[in-house]
Amino acid sequence: MRRARRVLCKVVCCALLPGLAFGGATVAGNASPPRLPISPRPRPSSPPLPVAPSAPEASRFLAQATFGPTDADISHLQAVGYQVWLGEQFNAAPTRRMDYRNWVENTLHEEFTTDDMLEAWWLGALGGPDPADPSVIRRDQLRQRVAFALSEIFVVSTRTTLIDQFPNGQAYYYDVLVNDAFANYRQLLEDVTLSPAMGVYLNMLSNQRADSTKNIHPDENYAREVNQLFSVGLVLLNQDGTAQLVNGQPVPTYTQDTVKAFAHVFTGWNWSDCVPANHNDFSDCAVDWSTGANMQQPMAAFAAYHDNGTRAPDDLSNKQLLSYAGAANGGLLVDGGTPQNDLKFALDNIFNHPNVGPFIGRQLIQRLVTSNPSPAYVRRIAAVFNNNGLGVRGDLKSVVAAILLDDEARNGAGKYPDTFGKLREPLLRLSHIWRAMGAQHRCGNDTVRQSGSSSYTQHYANRPYRYAGWYSVWGTNYLFNQQPLYASSVFNFFRPGFIPPGEMTTKQLYGPEFQITTDSQIAEVTNDVLPRAMWLDIHDTCDSTDDYGDVAIDHQRDLALAGSGQGGPADPADRLVDAYNIRFMGGQMSAYMRTTLINYLNRIDHYWDNNGTQDWRIARIQRALYLIFTSPEYAIQK
Amino acid sequence: MNFDRRKFLGHTARAALGASIYSAFGSLQLVRAAAQANYSFSDYKALVCVFLYGGNDAFNMIVPTDATRYAQYKAVRPTIALAQNALLALNAPGSGAGSPGDGGNYGFHSAMPELQALFNQANSPVGVVANVGTLVRPVTKAQYQGGSVALPPQLFSHADQQAYWQSSPPSNAPSTGWGGRICDLLASANTSSLPMLNSLAGEDAFIRGNTGNNYIMNPDSAATIDAPDSWDDNANNLQAAFDALRASGTQANTLERTYAAQMNHSINTAAQINSAINATGMPAFESFFPNISGGDLDRQLCTVAKLIWAANNNIAGYTGQKRQVFFVSTGGFDTHDNELSVQSGLFALLSKSLAGFYKALNSAGLASTATAFTASDFGRTLSCNEDGTDHGWASHHLVVGGAVKGGKFYGDNLAGSGTAAMPSLALSAGNPNDAGYGQIIPTTSVDQYSATLASWFGLGASDLALLFPNLANFNVGNLGFV
């Protein structure tokens with residue numbers, strides 16, 4: 001009892017430490033102050049965390065919180081501890097896509113394309129020097145990792161042509177996720193809702209009130225998905241994320257009539273510069289084809305096209321939104337509102353539904369930590385979502401900190417060795433090897449390109465931090481079926497409730513990432529490791545005809561680990577394998593795998609010098625990387 | 001092989017006793033039935049699911065041509081109505097069985113001349129199945145609006161309705177689909193070790209069975225893992241280390257074992273499939289698919305034709321494949337906006353692909369071995385938004401193959417007599433088929449549609465009842481189109 005109270009104090013005190021403001025996110029903008037059924041403060045259940053984590057512990061934490069542990073980050077986290085590290089991350093300057101775009105367009109004078117957006121994504125994922133000014137070091141790993149997770153919940157895809165055509169709209173949208181990753185969920189929900197990319201993707205943009213003379217009605221796409229995927233989900237949840245059951249059956253969160261009511265609310269929004277009077281129809285307002293400027297402005301409201309329940313016979317009067325205990329006005333939207341006020345009511349209505357904490361919290365756990373969190377873990381995170389300890393609902397900063405500091409995140413692999421963890425996404429595997437092996441962009445040319453009647457220069461020569469190239473960055477969808485902002489549908493690359501066949505079906509275990517791990521994709525993911533680990537090195541000679549260059553790793557950084565003598569069993573590979581075990585596998589490599597690796601790598605000796613052209617130790621490094629990154633043990637982040 | 005599989009199934013059946021998920025929907029009996037089933041066939045058949053992702057608006061695919069109904073159609077969809085004189089007339093019977101059921105005349109969208117020609121030819125291989133959708137049992141407008149009849153969960157939602165179409169019996173997170181379950185039941189029919197079910201379109205509920213008797217491949221090949229020994233200067237040792245790390249039984253975590261199993265499945269199967277696709281004597285089926293360079297569906301169906309040919313020509317690995325199930329798909333059908341221009345492209349590709357598939361197999365004397373059928377998330381609203389349609393419910397579907405009794409309309413009606421009933425196209429309030437907001441209530445259930453196909457495929461009556469537990473809620477279990 002006494003101990004429990006001390007732990008409670010520890011959690012709250014941490015939240016109040018200056019510079020560690022993960023209790024302090026406020027509800028910004030025109031979102032309403034949180035309307036709370038104030039629940040008890042989050043009850044801690046975890047033993048105190050070690051002040052100085054061991055190297056394996058630090059590596060496991062960084063696998064969950066970053067795009068891959070590096071030796072330097074492991075050492076730093078060991079030195080400062082989890083709390084200080086989180087504080088640093090919360091305060092690190094955000095790496096924004098729009099800044100990258102401005103550099104490409106205004107400094108390099110190149111056209112900013114979807115490929116450049118991918119370069120910007122990799123800059124955020126890999127961190128390190130900024131190509132626009134290498135003295136600026138990008139360190140916001142946690143923010144970028146959470147933003148990536150959010151991009152897999154609040155899905156927008158460049159498979160929609162208009163979104164692909166306007167990468168500045170992609171940049172604006174992704175920056176919403178970056179900016180709001182540590183903000184309030186309510187703010188995030190509103191910023192997503194009003195972003196033109198989402199408006200285009202799910203058709204809220206130019207959605208208008210019903211018109212029976214044209215037999216048209218409001219589009220239900222955004223109304224449905226914002227409820228089903230971005231907030232409350234299909235069925236009523238207990239706070240631990242399990243479905244509430246009545247007579248053994250789950251209870252729908254809402255009905256088709258609810259979706260219809262939301263669709264009528266989400267009317268009257270269009271491009272920020274739309275002048276409806278200049279067009280035959282509200283839907284004829286268009287993107288600014290020459291500049292795309294309106295792609296990077298929130299949508300604007302046009303009251304004449306908004307269903308506020310007052311225009312008979314087409315408006316929907318008295319819209320019944322989500323109904324739940326404590327819902328403002330029972331979820332009933334009264335007639336006569338403005339588009340802005342009605343939107344605020346609707347988003348507040350969603351935000352305050354008790355499902356949001358467990359629904360969003362569980363998915364963030366799945367994206368960062370484990371596919372099968374225990375109900376108690378979900379409950380602890382939902383409690384933080386409901387109240388960050390300072391009476392604020394929806395504080396994502398506190399939610400993220402709680403997810404990562406939870407006892408299950410830190411010690412789950414030991415407690416649930418058979419089921420803990422998640423399959424690493426292909427993009428996160430690639431970011432891992434690149435970050436941990438000092439990857440840089442190499443080769444490439446400055447090439448004059450024609451664009452219509454004018455010409456411009458593409459700059460890829462001597463750009464170590466401009467992560468570009470077909471084989472590296474632009475082609476990941478072809479290489480292994482995953483590319484940022486390129487999900488096949490609003491249901492993301494994979495769904496949180498996917499259960500793979502076989503043993504996991506028997507045990508009823510979720511494995512979202514297995515949904516894209518098809519027979520063909522697993523071959524491609526495995527094959528992709530081969531050149532990454534074996535061939536592409538930053539010291540290689542460039543092919544002068546390769547205009548774009550590629551990203552490659554630095555094998556030489558590990559020469560000292562790989563051996564100190566002539567190789568062979570007398571100069572064994574133990575040090576290399578043990579270092580890689582910590583760097584890549586959080587110290588969780590099985591004895592069987594360790595022995596297998598060492599026995600194989602010990603065969604390599606100084607005779608492997610490739611006729612004197614290569615240090616034999618490079619061969620050990622290459623093959624260790626290949627075997628680790630293709631192995632089933634590495635594939636699961638634990 | 002069969003002995004092992006049966007032993008595995010028996011083990012699964014026992015394991016399932018403790019798992020509540022299996023007790024729902026009779027899945028436990030299904031697992032047991034699969035363990036005991038003993039099918040064998042002398043003939044060869046292939047079932048090809050063509051899934052149209054997004055929810056196909058078939059109310060613009062099959063459109064009335066007679067004056068009365070066309071006027072209704074034009075009135076209900078003012079912004080997206082097709083021109084009457086562009087429709088491609090279908091010569092179905094005017095009344096009685098095989099007719100649209102409402103006395104009307106219908107035509108295909110103008111982008112579908114290939115399927116129109118096949119529909120109208122003698123011994124037609126193309127049939128229309130009218131007004132199909134997800135149902136637990138028959139439902140009228142009054143019953144729907146009164147909430148008095150059980151309905152599939154989450155109507156109008158993409159993921160849930162895709163899952164229902166593909167899984168039947170219903171579940172929001174189906175652990176199996178009916179394609180996969182058919183393969184569980186028919187496992188004994190194939191003496192070949194290759195999986196019975198091939199998806200050329202990724203993972204989805206349809207292909208999932210209890211035994212994982214399926215293989216997911218690229219549209220025109222199976223992806224192989226490059227052998228590391230081809231670049232290792234000390235030959236097989238690196239390959240041996242790679243193999244040791246993926247060996248089954250060496251991982252301590254269920255997710256790791258699942259990954260290893262998937263990797264091993266991939267490696268073991270890919271080589272056999274690829275050599276079959278490139279087998280000596282393989283006909284040049286590509287010539288029947290004009291969009292094969294860019295069209296996903298053309299590439300997938302061309303490969304399906306090759307694998308069917310392989311199974312019928314004793315190609316290595318395929319000897320003894322008597323039943324094959326294929327899953328192919330194309331997307332872009334979620335036509336919330338810009339529907340007219342989008343559909344023109346989609347239907348042109350669909351028509352050429354399906355007709356090409358039939359003609360390719362026909363050229364090799366295999367037309368009657370394969371039945372392709374369309375499926376989709378849902379139909380779309382009869383009413384429209386400014387230039388598109390929203391998520392609806394019922395839709396029309398196409399069945400194509402030499403065994404299909406084509407040139408006719410099939411389906412069920414509110415009286416349950418087992419003949420087609422094209423829905424009214426009247427405005428919502430006066431439309432007995434309209435759920436209230438432009439969504440059309442199905443008169444033919446997905447279970448009836450699927451069970452008709454499964455019955456042709458050789459499933460016995462008791463297994464059909466296990467596969468489609470709601471089938472018993474309908475008077476007619478077999479729609480007779482194949």
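How many bridges join S1(B) to strand S9 (residues 370-376) of chain B, and in which sense do the two run? The number is 7, and the strands run parallel. Strands here are DSSP runs (E, at least two residues), helices are runs of H or I of at least four residues, and both are numbered from the N terminus. Two strands pair if DSSP finds at least two bridges between them.

This is a predicted model, in which local features need pLDDT of at least 70, side-chain atom pairs count only at pLDDT 80 or more, and totals for chains, interfaces and linings use all residues. Residues are numbered from 1 along each chain as its sequence is written, while chains are lettered from A and ligands numbered from 1 in the order in which they are written.

**Strand S1 of chain B**

Strand S1 covers residues 45-52 of chain B, and 8 of its 8 residues are buried, so the strand is largely enclosed by the rest of the structure. A residue is buried if 20 or more other C-beta atoms lie within 10 Å of its own, exposed if 12 or fewer, and partly exposed in between, with C-beta atoms placed from the backbone. Both faces of S1(B) are covered. One side holds B:Lys45, B:Leu47, B:Cys49 and B:Phe51. The other holds B:Ala46, B:Val48, B:Val50 and B:Leu52.

| Partner strand | Sense | Bridges | A facing pair |
|---|---|---|---|
| S9(B), residues 370-376 | parallel | 7 bridges | B:Cys49 and B:Phe373 |

**Another sheet in chain B**

3 strands of chain B form an open sheet in the order S2-S4-S3, with antiparallel pairing. The edge strands are S2 (62-64) and S3 (88-89) of chain B, each pairing on one side only. S2(B) is joined to strand S4 (residues 106-108) of chain B by 3 bridges. Across that pairing, B:Val63 stands opposite B:Gly107.

**Chain A overall**

Chain A has 27 helices and 14 strands. Its radius of gyration, taken over C-alpha atoms, is 26 Å. The globule rule (2.2 Å times the number of residues to the power 0.38) also gives 26 Å for 638 residues, so chain A is as compact as a globular protein of that length. The C-alpha trace of chain A spans about 90 × 75 × 50 Å along its principal axes. Buried residues make up 56% of the chain.

Confidence is given by pLDDT, the predictor's score for each residue from 0 to 100. Chain A averages 91, and 92% of its residues score at least 70. Over residues 1-44 of chain A, however, the pLDDT is below 50.

**Domains and contacts**

Domain bounds come from an automatic or database domain assignment. In chain A they are domain 1 (2-91 + 355-422), domain 2 (202-354) and domain 3 (423-637). Two residues are in contact if their C-beta atoms, placed from the backbone, lie within 7 Å. By that rule, 16 residues of domain 1 of chain A touch 18 residues of domain 2 of chain A. On the domain 1 side, helix H14 (356-368) and helix H15 (375-386) of chain A each give two or more residues.

Between the chains, 68 residues of chain B are in contact with 66 residues of chain A. Helix H10 (254-277) of chain B is among the contributing elements. H10(B) gives the most to the chain B side, with 14 residues.
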